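The sequence and structure are shown first.

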Amino acid sequence: MNFSLSHSTGVCNAKLQITGSKSETNRLLLLQALFPGFTIANSSSSDDSEVMKKALASTSELIDVHHAGTAMRFLTAFFAQMEGREVVLTGSQRMQERPVKILVEALKTLGASIHYEKKEGYPPLRILGKKIKGGLVRLPADISSQYISALLLIGPSLEEGLELVLEGKITSIPYIQMTLSLLERIGVHTHFEGQTIRVNPLTKPILSEQTVESDWSSASYFFSILSLADTGSVDLKSYLEQSLQGDRVLMEIYEQLGVKATLGHQVLQLKKVKVDLPEILEWDLSKAPDIAQTIVVSCLGLGIGCKLEGLHTLKIKETDRLQALYNELTKLGAEVRITADSLFLAPCSKINQNCSIPTYNDHRMAMAFAPLALKVPLIIEEAQVVSKSYPTFWADLKQLNFEIIQR
């Protein structure tokens, strides 16, 4: 399903309810499976969270997580400690190209029994659940935080808890801190100092309702929309002043791009304002890599350049996001350079119209490029891919006067 997008007025006003964070939801779903008895409010309606729920409830030997990378990592750890349970954990073709060896080896040092069904280091995995006592694990610190969080989440269910030593420079700290905060909420004692994280075993969980904050990654597209609009204001619910999500840095970044953000009474209000734009926006996104695509497209639409660093994890996402950005930005007429962990976009005065943007089975490619329709008509291919994280995205864009025609 391809969509033609355009916008004739340049005016964007709306009040929207954003789905709960899938990062928080998936962590809480796993903790709920380990420690039943608490409920989850404002949970994500994303495909990824639905896959996670279904997998945790399944009694089948074959568990297919499709494109859900978080579910693959978290469920690998979850099933490894489920004594007596045998499963084959698999996913889409792309998922079978995404490495999981670091996590598997870490679990094996704790005593887990995991075998590769096809290529070593990659799904599908055959997991023979065993009683794992816990103890000390060492991991490279610059890996995806999902590997680290997968281990931390099962830590309180292990007899000896978990002591995790991270070697090297730690990246994606906000996601690690999110995991630890959610553990603390249900009564787990954790300690994070220097390179070492300690998670104690939990015997008596707190079973009160856990509320998921709305997703800041999803909010990023409205920051982008208002930066490119002529005028407008968007209110987004339900956001907390004390957020666990690293993508909250959007408020600081987009202040330079003409979007004033205020937060109060669980409403995030975004307003278009006039600012002197930087010629080149420079930012280290190692703590919030999921918003890189959104920011690059905003800069293209504003005619300014950007230099983004800390992007090394983008190469192993739903697609190689750095290469995908290079392909599509170049098609639109931009000058782009990429390395293994950075992207440079030169200022661009003219954007090619009616380009067709493939989405590479990546929800963020579709949503990041959509706001550019405020500047030029374009086509988003396989537009339904947004359901992975934000099923109502296109309906919400229509409320902002985007003209969307199915082709």
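## A buried pair

Asp362 is buried, its relative accessible area being 0%. Here buried means under 20% relative accessible area, exposed over 50%, and partly exposed in between, with a 1.4 Å probe and protein chains only. Arg321 is likewise buried, at 1%.

Between Asp362 and Arg321 there is a salt bridge, with the closest N and O atoms 2.7 Å apart. Asp362 lies in the loop between β20 (355-357) and α11 (363-369) and Arg321 in helix α10 (residues 321-331), so the pair ties together parts that are 41 residues apart in sequence. Helices (H or I, at least four residues) and strands (E, at least two) are DSSP runs, numbered from the N terminus.

## Basis of the model

The model is predicted: local features need pLDDT of at least 70 and side-chain atom pairs count only at pLDDT 80 or more, while totals for chains, interfaces and linings use all residues. Residues are numbered from 1 along each chain as its sequence is written, and side-chain values use heavy atoms, leaving out hydrogens and water.

## A network around Arg126

In total, the structure holds 16 salt bridges, each defined as a side-chain nitrogen of Lys or Arg within 4 Å of a carboxyl oxygen of Asp or Glu. A network of salt bridges links Glu61, Glu86, Glu117 and Arg126.

Glu86 and Arg126 form a salt bridge whose closest N and O atoms are 2.7 Å apart. Because Glu86 lies in strand β5 (residues 86-90) and Arg126 in strand β7 (residues 125-128), the pair ties together parts that are 40 residues apart in sequence. Arg126 also meets Glu117 in a salt bridge (3.3 Å, N to O). By relative accessibility, Glu86 is partly exposed at 36%, Arg126 is partly exposed at 22%, and Glu117 is partly exposed at 38%.
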